[in-house]
Amino acid sequence: MTEKSATPVSAGHLLTVSDLTVRFRSHGEAVYAVNGVSFDLDAGETLGVAGESGCGKSVTNLAILGLLPQPAGRVEAGSVQLSGRELTTLREEELRKVRGSEIAMIFQDPMTSLNPVLRIEEQLIETIRAHRDVTVQAARERAIELLVAVGVANPESRLRSYPHEFSGGMRQRVMIAMALALEPRILIADEPTTALDVTIQAQVLDLLRRLTAERGTATILVTHDLGVLAGMADRINVMYAGKVIESGTTEELFAHPRHPYTVGLLRSIPRLDGEAGGKLVPIEGRPPDLVAEPVGCSFYARCAWRQERCALEAPALVQIDGGTQPIVTTGAGATHVAACFNPVAQAEVAEGRPAAGRR
């Protein structure tokens with residue numbers, strides 16, 4: 001059975017994830033996909049989740065919804081609570097009632113998420129009637145309302161279209177309509193703009209921002225694009241090798257990054273202001289192999305700030321600058337925390353390397 005965390009749950013949080021641990025087991029090997037992730041989410045809040053491919057962003061969200069690939073994937077420890085209700089122990093039929101109506105998800109690729117042999121009308125109506133006791137006509141009227149809300153022109157006729165008859169941006173709008181059909185309290189957007197060009201990406205993000213603000217929906221926005229999070233998220237969790245390694249408000253994280261990996265991510269973004277000589281600054285090395293059980297700091301091999309203890313000890317998330325006040329994990333006053341024994345000093349961020357004598 002799933003081991004439950006002893007961490008107390010605050011009644012004020014909409015979603016509380018505590019020490020979530022996910023493993024994929026096959027042919028006697030384990031993949032350590034998520035390794036003790038914890039965070040809270042409040043109503044109306046937008047939480048950004050950043051990190052390179054394979055860091056555990058999507059797996060964390062699939063675990064929340066009970067959508068891990070079976071039989072290999074499973075939650076081996078930790079807790080996921082929605083308004084105090086434990087989700088990891090629910091039966092499949094109970095989870096189906098949560099998906100869509102309480103927590104909805106927009107997946108990365110709308111072309112593979114939509115059924116190619118069913119019209120848009122059938123897919124939207126099926127979603128609505130699976131959770132609401134309404135007639136087909138009422139569900140169809142609701143589907144038209146949703147398409148209007150997400151900016152699809154001529155919704156009555158477009159309902160009869162198949163997914164391949166829509167552009168990538170329009171398919172993503174349909175996915176957003178489907179996710180919002182039942183007015184969920186939480187919306188998980190997993191790389192919602194990955195396959196879109198820059199213009200359509202901006203339109204989709206503006207749409208998400210407007211719709212969630214109008215409905216007061218809490219949002220988890222997953223992306224590798226820190227520029228997207230800068231304009232969308234209230235706070236950001238930076239993930240690496242299945243762990244949250246830095247967390248804080250968006251303003252604080254961009255202004256004062258403290259974990260070497262976060263600094264590396266920020267320095268790898270193209271700049272137009274002449275900093276870094278106009279060149280991209282890559283993070284050297286490769287992410288760790290998650291088939292091996294984590295030991296020490298997962299960023300050790302790629303880190304210029306590493307110390308001897310980093311190879312053997314895994315740093316915990318602690319307040320930067322030695323703060324001793326209780327850690328606040330949500331809202332505009334969220335505490336800035338980082339999992340690093342030798343955090344980056346503000347003067348070192350621009351150079352991207354430790355000052356002389358720091359190591």
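This is a predicted model: local features need pLDDT of at least 70, side-chain atom pairs count only at pLDDT 80 or more; totals for chains, interfaces and linings use all residues.
Strands of a sheet pair through backbone hydrogen bonds, in either a parallel or an antiparallel sense.

Strand β3 (residues 46-50) pairs with β9 in the parallel sense, over four bridges. Within this part of the sheet, A50 stands opposite V238 of β9.

## M239 in strand β9

M239 belongs to strand β9, which covers residues 235-240. Its relative accessibility is 3%; buried means under 20%, so M239 counts as buried. Leaving aside residues up to four places away in sequence, M239 touches several residues, including V49, A50 and G51, as well as V244, I245 and Y261.

M239 and R25 are 214 residues apart in sequence, and their C-alpha atoms are 22 Å apart in space.

In soluble globular proteins, nonpolar side chains tend to be buried together. The largest nonpolar core here has 59 residues, and I106, L147, V150 and I176 have the most contacts inside it. Helix α7 (residues 168-180) gives the most to this core, with eight residues.

Beyond residues up to four places away in sequence, I176 touches I106, V150, V204, L207, L208 and L211. A second, separate core has 35 residues, among them V49, V98, M105 and I186.

Conventions
Residues are numbered from 1 along each chain as its sequence is written. Side-chain values use heavy atoms; hydrogens and water are left out. Helices (H or I, at least four residues) and strands (E, at least two) are DSSP runs, numbered from the N terminus. Buried means under 20% relative accessible area, exposed over 50%, partly exposed in between (1.4 Å probe, protein chains only). Contact means heavy atoms within 4.5 Å. A nonpolar core is a set of buried Ala, Val, Leu, Ile, Met, Phe, Trp, Tyr and Cys residues joined through side-chain atoms within 4.5 Å. Two strands pair if DSSP finds at least two bridges between them.
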